[in-house]
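This briefing goes through one protein chain by topic. Please keep the sequence and the structure in view while reading.

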Amino acid sequence: MIEKLLIICVFVGIIHMIETLAYSVRLAGLKTRKLVVALSLFNIIVIVSRTANMVQAPLTGKLGDAVHSKEDLPVLLHQLQTILLAASIGTIAGALLIPSFVSIFSRMISHLEVAGSVPKMMKNIASIHTLEKAKKHVKRPRWIMLSQLRIGGVPKRLLLLNLMATTIYTVGVLSTLYASTLEPTLYASTLEPTLSKSILMSSGLINGLAMITLAVFVDPQVAILTEKVMKGESTKQSMNKMVGTLVISRLCGTVCAQILLVPAALYIAWICKLIP
């Protein structure tokens, strides 16, 4: 069981690391003045995240299948909290890798233009010589970057919405899994045995709300600022500040997910009970 939990944590960490790095794709696009190419190329990397998600989802479901009595619930809760910790660690890793990612990703954009296709680009950059040159683009994050991340100039509502969306997205599936395993003898007034399947099916709706929040309120704001920087109406420092503060709010969202895991599970079970 420990090996399975470790595998899940690795996959979850990779997922959140890639989603954190997604904030910096626009920085690479601005650096190369080829934003559309940057967004298109990053979709290849997103495939890794989607694949990791497909693998870890059934493994996480197996943790719930191992619950046979209320004595097993604390073990499941500890496992889910460990997975959420992996999400926070993955977010931190992504934040630390942003400077290196922007530099290396910018070079990948240039290689893509020369190669003309992704397969040819991958063939070209797979040489030992190219990989050795890539070491020069690895950059350590500096403390001065944090000193520049003041909230001033970044809409507080945007950061709050990003925090809320990240919290819901991070805790959504895990809270529904925990809610579906709660024993009626322990939460008799909250959950009935016949509700477990409807609770599990509600995870898509919960994550959908998070995706809508990001798509409607967060992404357009970042896109508008990106266009202003491209046109010279705003500075790159303002974009760096927005990306940095969004990453911090995302990290706070994964921490809030720890706090809301159990309350969210009880709330989801209560909502499903109200559905006729």
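T91 is buried, with a relative accessible area of 1%, in a model that is predicted. T91 belongs to helix α4. Setting aside neighbours within four places in sequence, T91 contacts H16, T20, V247, R250, L251 and T254.

**Overall fold**
- The protein chain has 11 helices and zero strands.
- Along the sequence the pattern reads α-α-α-α-α-α-α-α-α-α-α.
- Of the 276 residues in the protein chain, 41% are buried.
- Among contacts with a separation of 6 or more, 84% join residues 24 or more positions apart.

**Helix α1**
- Helix α1 covers residues 2-21, and its 20 residues should span 28 Å at 1.5 Å a residue; the end C-alpha atoms are 28 Å apart, so the two values agree.

**Packing of α4 against α11**
- Helices α4 and α11 pack at an angle of about 175°, and their axes are 9 Å apart.
- Because angles over 145 degrees count as roughly antiparallel, α4 is roughly antiparallel to α11.
- By class, the contact of α4 with α11 consists of 15 nonpolar, five polar and one charged residues.

**Nonpolar cores**
- The largest nonpolar core has 35 residues, of which L41, F42, F105, M239, M242, V243 and L246 touch the most other members.
- Two or more residues of this core come from each of α1, α2, α3, α4, α8, α10 (203-231) and α11.
- Helix α4 gives the largest share of this core, eight residues.
- M239 touches R26, L27, L30, V222, L225, T226 and V229, when residues up to four places away in sequence are not counted.
- A second, separate core of 28 residues includes L84, V171, I268 and C272.

**L161 in α8**
- L161 lies in helix α8.
- L161 counts as buried because its relative accessibility is 18%, under the 20% limit for that class.
- Apart from neighbours within four places in sequence, L161 contacts T213, F217 and V218.
- L161 and R250 are 89 residues apart in sequence, while their C-alpha atoms are 9.9 Å apart in space.

**R33 in the loop between α2 and α3**
- R33 sits in the loop between α2 and α3.
- R33 is not a glycine, yet its phi is positive, at about 60°.
- R33 has a relative accessibility of 45% and therefore counts as partly exposed.

Conventions:
Residues are numbered from 1 along each chain as its sequence is written. This is a predicted model: local features need pLDDT of at least 70, side-chain atom pairs count only at pLDDT 80 or more; totals for chains, interfaces and linings use all residues. Side-chain values use heavy atoms; hydrogens and water are left out. Helices (H or I, at least four residues) and strands (E, at least two) are DSSP runs, numbered from the N terminus. The expected span of a helix is 1.5 Å times one less than its number of residues. A nonpolar core is a set of buried Ala, Val, Leu, Ile, Met, Phe, Trp, Tyr and Cys residues joined through side-chain atoms within 4.5 Å. Buried means under 20% relative accessible area, exposed over 50%, partly exposed in between (1.4 Å probe, protein chains only). Contact means heavy atoms within 4.5 Å. Axes are lines fitted to C-alpha atoms, for helices over the stretch in contact, and angles run from 0 to 180 degrees between N-to-C directions. Angles under 35 degrees count as roughly parallel, over 145 as roughly antiparallel, 65 to 115 as roughly perpendicular and the rest as oblique. Ala, Val, Leu, Ile, Met, Phe, Trp, Tyr, Cys and Pro count as nonpolar, Asp, Glu, Lys and Arg as charged, and the others, Gly among them, as polar.
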